[in-house]
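Here is a short note to read beside the model. Please follow the points in order.

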Amino acid sequence: MPRTRGLMLQIATGDARPISKQIVDGVRMKIATAELVPGDQLPSVRGLAQQLTINPNTVAKAYAELTAEGWLESRQGLGLFVATPRQRLSDGERDRRMDEAISAFVHEVAALDYPPERALSRLDRALQVLSRKTA
Amino acid sequence: MADTDYVIETRALTRRYGDKLALDTLDLAIAAGHIHAIVGANGAGKSTLFRILLGFLPPSSGSARILGRDSQRLTPSDRGRIGFVNEEHTLPSWMRVSAVTAMQRHQYPRWNQAAFDEVIGHYHVLPQQKVGQLSRGERAGFNLALTLAQGPELLVLDEPTLGLDVVAKRAFLESLMYSSAAESCTVVYCSHQMEEIERVADNLIILERGRLAHMSAPDEFCGRVTHWIADMPFAGPPPASVPGLLEVQRIDGLHHYLVLDQDEGFAGFLRGAGARTVQSMPVSLDRAVNGFLAKNHAMPVAA
């Protein structure tokens, strides 16, 4: 079940950043620091507007930007939630798994007594699937 | 129908007081929906504009339409569709709150009691109190409640929160932004308080000397203005040669420029003028509007 949480957010008028940008930055920071986690529900547009005493359209604009960037996702009829990030692993964990995969591959290639240049060119070809996907 | 897309539409609207032009061939079209803030220096023509729009004052020339009607030929039913709140919150001081309410209820066929109750609930206003006994903030709240209860399609507010304390001001803004009665109407709001405009306005309209100087979302306007700090060895370039100049100041030997519509090319201009270092930063809405309005003021030569 999604959890509804208060959004502890401050905005300041008289700042060079427009209020909608302050909301975007604030929510992103909370997600980055895991103060907000995937599945957490955000306040309604009207609710956050009232909390901050600002125009609801300003909140709607910030939420639209956060949704477009993939930080939030809307669930039909339920509201807005912190999205599951596409890259779920930490950088360290990602590197560790990559090392593991390379090491396994090298050990296999070594056992086949396959020339490294040919192994590399075949690997290069195989990896082109990925570059197509991310292009 | 072009007429009904705009709640306010003026064409070449001019109002002359003797030799002075309060409105100078003003072309202004305010779209239906949203909250529009009008700002301008004193004497920019805001009050004259409102007086003409509400039919209290005839134009010298040009035309003004409000809710699609000629502002000089408003019928009582047209007026019922327009709510007006002025800064003085002028209400008959000798009457009791209940009597004023009854009078307004009688006068407006679309009277919405729920809207009245919702707004007045923010204030400690008792029906038996005389209007003259209410504080300024209570009178403002009462006035807004009366106006929203008439079910207007257009709400015109002239400096409505002037002189209100922080609590009354917040209650006023909340009623304006979140009450169900205000939701369905277009709000045209005149204020000098940028802090409030930043919170409230979808659209920013700047009047200058009776003409329209700018209209866009507040953020967009902010984005047009940048603040540059340059270390100039001498007096710096003559102000007339500085592109987009709004304001220049010399502080602690550094030149501060507030400029309009300048991109990174402005750094090149400053370097070409002899700047040793150049920095730039965005500005707040308050600073941007202030600089914009100050542009035409006489500026002493930097010491």
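1. In helix α5 of chain B, Q113(B), A115(B), F116(B), V119(B) and I120(B) meet G141(B), F142(B), L144(B), A145(B), L148(B) and A149(B) of α6(B). Contact here has C-beta atoms, placed from the backbone, within 7 Å; helices (H or I, at least four residues) and strands (E, at least two) are DSSP runs, numbered from the N terminus. The residues of this contact are nine nonpolar, two polar and no charged. Nonpolar covers Ala, Val, Leu, Ile, Met, Phe, Trp, Tyr, Cys and Pro, charged covers Asp, Glu, Lys and Arg, and polar the others, Gly among them.

2. This is a predicted model: local features need pLDDT of at least 70, side-chain atom pairs count only at pLDDT 80 or more, and totals for chains, interfaces and linings use all residues. Residues are numbered from 1 along each chain as its sequence is written, and chains are lettered from A and ligands numbered from 1 in the order in which they are written.

3. α5(B) (residues 113-120) and α6(B) (residues 136-149) pack at about 160°, with axes 8 Å apart. Axes are lines fitted to C-alpha atoms, for helices over the stretch in contact, and angles run from 0 to 180 degrees between N-to-C directions.

4. Chain B also has an open sheet of four strands, ordered β2-β1-β4-β5, with antiparallel pairing. Strands pair if DSSP finds at least two bridges between them. The edges are β2 (20-31) and β5 (69-70) of chain B, each with a single partner strand, so one side of each lacks a neighbour in the sheet.

5. The contact between the chains takes 15 residues from chain A and 18 residues from chain B.

Notes:
Contact = placed C-beta atoms within 7 Å.
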